[in-house]
Amino acid sequence: MVHIFNFKNYNYIYDSGSGSLHECDKDTADYLKAKCEGGVMPRLSAAKIAEIEADVQALKEKGLLFAEEVKTAPIKSDEVKALCLHICHDCNLRCRYCFADEGAYHAEREFMSLETAKTAIDFLLKNSGNRRVLEVDFFGGEPLMCLDTVKKVVAYAKEEGAKAGKKFLFTTTTNALLLDDDAIDFFNREMENVVLSIDGRKEVHDAIRKTKNGKGSFDLIIGKIKKFVRSRGDKHYYVRGTFTSKNTDFSKDVIFLAENGFDSISMEPVVTDIDDLAIKDEHLGVICDEYETLCDEYLDKHKRGEGFNFFHFNIDLEGGTCLQKRVSACGAGNEYFSVVPNGDIYPCHQFAGDKSFLMGNVKEGIVRKDVRKSFAENSLFTREDCDKCFAKFICSGGCSANNYNFMGDVNKPYPVTCAMMKKRIECGMHALARKKDDKN
């Protein structure tokens, strides 16, 4: 499959079979688009058509255009590689769009006991098979409300992991309200990655991310996040924002974050059914234009030596994850699980609390083998709507929870998310091409 697209004055051909991206002139793009997708053929001279066909044939012979897509088997294993520990089902913010019901997950607010957390680590070690590197993500609610427990769990996991000849990598996600010197020091010593939530400009952030008393939280966190990032050195972190239908000009929020010293940024579309915040079909035109605006700003900053890492423009066509992993989906419900405060196991954090996806408990293990089997069999090839999509080997069929929540089926991609994903990928490919061109 080939995908022909333009980014303003640039024309590209992406070949999904080989993963190759080619830049071409407008005549070539128009000719191939009409030939591959139907439509009116451009008026070109016989000499120009012959030139295009010769170039196409040369690339075909090198396996770089119209390459056959390899139907490789997904990599599936019964070894558990990671847990998301819901160390706290409570939060000190009351964000309107929170999929976790402002930290409570539609249940009582509670903390995970140290005993349950240790049992979860034991469960991971016992079910990890031959894996030598295991991952634990401390999640909430707000994990810093239980920092003492987090510290003890990290110490326990490292000790038990060493006995088993295994290494743990830890991450956490925080709203930064409780990010003091002690937490910063601990994160810098023990966390492989830290995700800090901030939505961008003060007025945007404060409109949604409010404290319990209904006031905005921007002024309470911005200085703390800046201090943490200054202390982080070359270790991984992300500042992560969420945009809604209220701020479809989100490129301004990304640039705001970059200009405030954050060089690793993610800005995610909201996942919600709240009517005045949800992203709908009617917003897609503006949002796709906004991604192009952001891409221009992103490239301008790179040219000026002010470059930053924007998660959704990270496209690696020459390396990256192997094809078998790309078609395997994310591993949720099979190699990766979420554990809520009482020890119950769910496929991932976005399924937490939905009893139809309750799989077992860390004390007794996986009881619902049928749920695990359904996720183990899930892959790019079970998502029929993805078959003719150019982006499939990059997005891997989208988020299972997102698909389920909006379409009622983990194998049915949500069209609104797909449209945004395709535009981000096109922008990422354009950014990749231009940065490569600048190096040359």
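Q: How many cavities of 30 Å³ or more does the structure hold?

A: A cavity is a set of points on a 1 Å grid over the protein atoms alone where a 1.4 Å probe fits but cannot get out, and the structure holds one of 30 Å³ or more. This is a predicted model, in which local features need pLDDT of at least 70, side-chain atom pairs count only at pLDDT 80 or more, and totals for chains, interfaces and linings use all residues. Residues are numbered from 1 along each chain as its sequence is written, and side-chain values use heavy atoms, with hydrogens and water left out.

Q: How much space lies in the largest cavity, and which residues line the largest cavity?

A: A volume is the space filled by probe spheres set on the grid points, which are joined across faces, edges and corners, and for the largest cavity this comes to about 50 Å³. Lining residues have an atom within 4 Å of a point; here they are Lys76, Ser328, Ala329, Cys330, Gly331, Ala332, Asn334, Phe375, Asn378 and Ser400.

Q: What share of the residues in the protein chain is buried?

A: Buried means under 20% relative accessible area, with a 1.4 Å probe and protein chains only, and such residues make up 52% of the 440 in the protein chain.

Methods. 1 Å grid on protein atoms, 1.4 Å probe; cavity = no way out; pocket = protein on both sides within 12 Å on 5 of 7 lines; lining within 4 Å. Buried < 20%, exposed > 50% of the residue type's maximum accessible area, 1.4 Å probe, protein only.
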